[in-house]
Amino acid sequence: MPTETIASVVANGGAPSVPAMPEHPDRALLLSGEESGERVAIHCEATSFDAATADLRSVAALRIRGGRVLTSQRLILSFWPTEPAEPALSRLLAFIGNRPLVGYYLDFTVGLLDRLVQPMVGMALPNQRIEVSSLYYGRKAKAPGKYAVDLRLDSILRDLDLPPRAGEDAYASALASAMVYLRLEPPRP
């Protein structure tokens, strides 16, 4: 305790004071109570399917407003191991804000992002999560005579008569998730 006097330690109840972590500006965006009515479809690509150890390679996010996917309002970021991730993550957090997240295999995406965001802003993503495979399963499980439900994203798209993914990248998967969401949860007038 080179910078503290004995008197300051006693005044603090015997424990050395710990400097508070400065408030990160992106934290306020995540905790904003403002409701835009928008959702954000999001998908990550990584080096493996283990969110605890995978390295993030790319993230694609696009906004959903009402019954429309706003493809002109999208964010596609690439991450490289030799570059700091914080500037790109700040752009992502500003894009997401406090909007609910929509996705396929969303636990993996959010788990991977939480691992990077939590040390940066001091908390995990608090956003509501909407898993499109769960919405689809909930709909199919009610159908009589159906026992097995194919939850692969391409199968869901085919069954819902939606266009197939235009690729295997993060953007194509985020766009597909947004379309599934709008088919299963159409906006209310």
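Author: From the N terminus on, the elements run α-α-β-β-β-α-β-α-β-α-α-α. That makes seven helices and five strands; helices (H or I, at least four residues) and strands (E, at least two) are DSSP runs, numbered from the N terminus. This is a predicted model, in which local features need pLDDT of at least 70 and side-chain atom pairs count only at pLDDT 80 or more, while totals for chains, interfaces and linings use all residues. Residues are numbered from 1 along each chain as its sequence is written, and side-chain values use heavy atoms, with hydrogens and water left out.

Start with the sheet. It is open, has five strands in the order S3-S2-S1-S4-S5, and shows mixed pairing. Strands S3 (68-78) and S5 (129-131) are the edges, each pairing on one side only. Two strands pair if DSSP finds at least two bridges between them. On average, neighbouring strands are turned by 25 degrees against each other, direction ignored. Axes are lines fitted to C-alpha atoms, for helices over the stretch in contact, and angles run from 0 to 180 degrees between N-to-C directions.

Strand S4 (residues 101-103) pairs with S5 in the parallel sense, over three bridges. Val102 stands opposite Ile130 in S5.

Two helices lie on the sheet. Helix H3 (residues 86-96) lies across strand S1 (38-46), strand S2 (56-65), S3 and S4. H3 runs at about 165 degrees to S3. H4 also packs on the sheet, touching S1, S2, S4 and S5. The direction of H4 makes about 80 degrees with that of S1. Contact here means heavy atoms within 4.5 Å.

H4 covers residues 106-121 and bends by about 35 degrees at Asp114. The bend at a residue is the angle between axes fitted to the seven residues ending there and the seven starting there. Asp114 is also buried, and other buried residues of H4 include Leu106, Phe108, Leu113 and Val117. Buried means under 20% relative accessible area, exposed over 50%, and partly exposed in between (1.4 Å probe, protein chains only). Just after H4, Gly122 takes a positive phi of about 85 degrees.

Ile64 is found in strand S2. Ile64 counts as buried because its relative accessible area is 1%. Leaving aside neighbours within four places in sequence, Ile64 is in contact with Gly37, Glu38, Arg39, Ala41, Val102, Ala178, Tyr181 and Leu182. Ile64 and Ala41 are 23 residues apart in sequence, yet 7.1 Å apart in space, C-alpha to C-alpha.

Helix H5 (residues 132-140) and helix H7 (residues 170-184) pack at an angle of about 35 degrees, with their axes 9 Å apart. Their crossing is left-handed: the near helix is turned anticlockwise from the far one by less than a right angle, whereas clockwise would be right-handed. From H5, Val132, Leu135, Tyr136 and Arg139 meet Ser177, Val180, Tyr181, Arg183 and Leu184 in H7. By class, this contact has six nonpolar, one polar and two charged residues. Ala, Val, Leu, Ile, Met, Phe, Trp, Tyr, Cys and Pro count as nonpolar, Asp, Glu, Lys and Arg as charged, and the others, Gly among them, as polar.

Ser133 counts as buried because its relative accessibility is 13%. Beyond neighbours within four places in sequence, Ser133 is in contact with Tyr104, Leu151 and Ile156.
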